[in-house]
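Please look at the sequence and the structure below before reading on. The paragraphs that follow lead from a few strands to the protein as a whole.

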Amino acid sequence: MRRLIHICLLVTTAILIGGCSIEPPLHLRKAVATEVELVTDLNVDLMWQTDWESLWQFEWDASVLGPLGYTVPASMRLHIYTQGPDRKPVSHTVHNFMGTSSQMEIFLGTHNLLFHNNDSEALLFRSDDDLSDIYSYTRNISNGLKDSNPVNTQQQKAAGAATRADEMKIDEPVALAPDGLFALYDRDRVITDNPDDYVYRNGKYVLLIEGTLNPLTYIYLIQVNLLNNYDRVAGSMGGAAITGMAGGVDLMTNESFTSTVSVPMDVYMDQEREMLGARVMTFGNPGCNPYDDASVAAMPEQKHYLVINVTYRNGSYRNVSVDITDQVRALPLGGVITLDLDVNDFPPDEEAGGGSGFNALISDWDEEYGETTIIN
């Protein structure tokens with residue numbers, strides 16, 4: 001079930017109200033001093049599949065590893081696109097909110113309002129010009145993933161797939177994982193001087209705008225059951241990456257980029273259950289709006305692999321890749337991915353210490369830079 005953040009925008013005029021008219025009138029095109037207050041209601045569990053808690057078996061210590069779900073944004077940004085007579089935007093102003101309220105000015109007239117949180121260091125924002133769509137993405141940190149040995153899950157083998165031992169390399173760039181991103185795009189919002197459009201509260205006229213802040217980054221919880229382990233696997237020093245994920249998102253349409261990246265993650269070991277577990281935030285499946293069923297049905301074909309470093313107790317390691325395409329495409333809003341892998345298919349080197357050392361999967365760690373427009 002989708003988890004929704006309910007948002008109310010209370011625009012409270014700070015000027016004195018006289019008679020039955022809110023000044024200044026529309027034809028004067030003057031700004032009204034306002035106070036903006038955001039009231040959010042967040043239910044952490046609603047974004048997952050309805051049965052995610054029963055599916056997730058990994059012993060996750062949130063006090064050490066961080067929360068599994070989303071956290072409430074600490075600050076917000078409001079973009080106001082004022083429309084002209086032809087309904088095309090003629091101006092763009094930006095207001096940042098520390099906390100949930102801010103003093104600002106807004107013109108009477110028709111506006112498109114875009115809200116999103118701006119409390120992340122990982123997220124970058126770009127606009128081709130002041131009046132175009134706004135996009136979010138993260139920096140590329142590598143040209144691709146190191147070679148890995150493809151293996152099949154127990155379910156894939158039961159369906160007739162043979163265990164593979166050939167090496168594969170994924171050349172798409174590796175990008176930083178995004179943080180939680182939430183957005184609301186309110187189109188054709190008319191700010192009038194008609195008191196009937198306002199709520200009179202505590203001596204002030206309040207313009208109430210109701211909408212929903214939807215997450216535009218999606219969480220996948222990945223758990224790997226290690227069959228026939230015999231205490232051979234120690235954990236994962238090099239972490240993992242999920243491939244074929246969208247490189248960014250359009251905040252106005254909720255549609256993800258068609259370009260793809262691999263997204264890295266840390267991997268943890270549950271020794272008692274003999275499981276590997278990870279949490280990763282992504283921009284989701286490429287080329288679709290996950291809140292639109294028709295868009296999801298029409299999203300382009302794309303393979304997704306979990307490339308994971310397996311570190312053994314004798315000091316050796318392997319990088320293995322597992323095809324998880326079906327599970328990722330079935331969960332456009334994120335959720336729990338469970339894999340059953342037979343360690344006999346990727347055993348440690350027989351000689352202790354063979355291949356020992358840290359292998360982070362990433363081929364090159366140099367960040368890649370390009371021309372961007374960052375919206376302040």
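Two strands are said to pair if DSSP finds at least two bridges between them. Strands (E, at least two residues) and helices (H or I, at least four) are DSSP runs, numbered from the N terminus. The model is predicted, with local features requiring pLDDT of at least 70 and side-chain atom pairs counting only at pLDDT 80 or more, while totals for chains, interfaces and linings use all residues. Residues are numbered from 1 along each chain as its sequence is written, and side-chain values use heavy atoms, with hydrogens and water left out.

Consider strand 21 with these terms in hand. Asp-270 has Met-275 in strand 21 as its bridge partner. This bridge belongs to an antiparallel pairing of strand 20 (residues 268–270) with strand 21, made over 3 bridges. The two strands form a hairpin with 4 residues between them, and Glu-274 in the turn has a positive phi of about 50°. Strand 21 is also joined by 8 bridges to strand 15 (residues 218–227), and these two run antiparallel. There, Asn-225 stands opposite Met-275. Strand 21 (residues 275–282) is mostly covered, since 7 of its 8 residues are buried; buried means under 20% relative accessible area, exposed over 50%, and partly exposed in between, with a 1.4 Å probe and protein chains only.

Strand 7 is joined to strand 8 (residues 134–137) by 4 bridges, and Ser-127 has Ile-134 in strand 8 as its bridge partner.

Is Ala-122 buried or exposed? Ala-122 counts as buried because its relative accessibility is 17%. Leaving aside residues up to four places away in sequence, Ala-122 touches Tyr-137, Thr-138, Ala-177 and Asp-179; a contact means heavy atoms within 4.5 Å. Ala-177 is 55 residues from Ala-122 in sequence, yet their C-alpha atoms are 7.5 Å apart in space.

The protein as a whole has 5 helices and 24 strands. Of its 376 residues, 52% are buried. Among contacts with a separation of 6 or more, 76% come from residues 24 or more positions apart.
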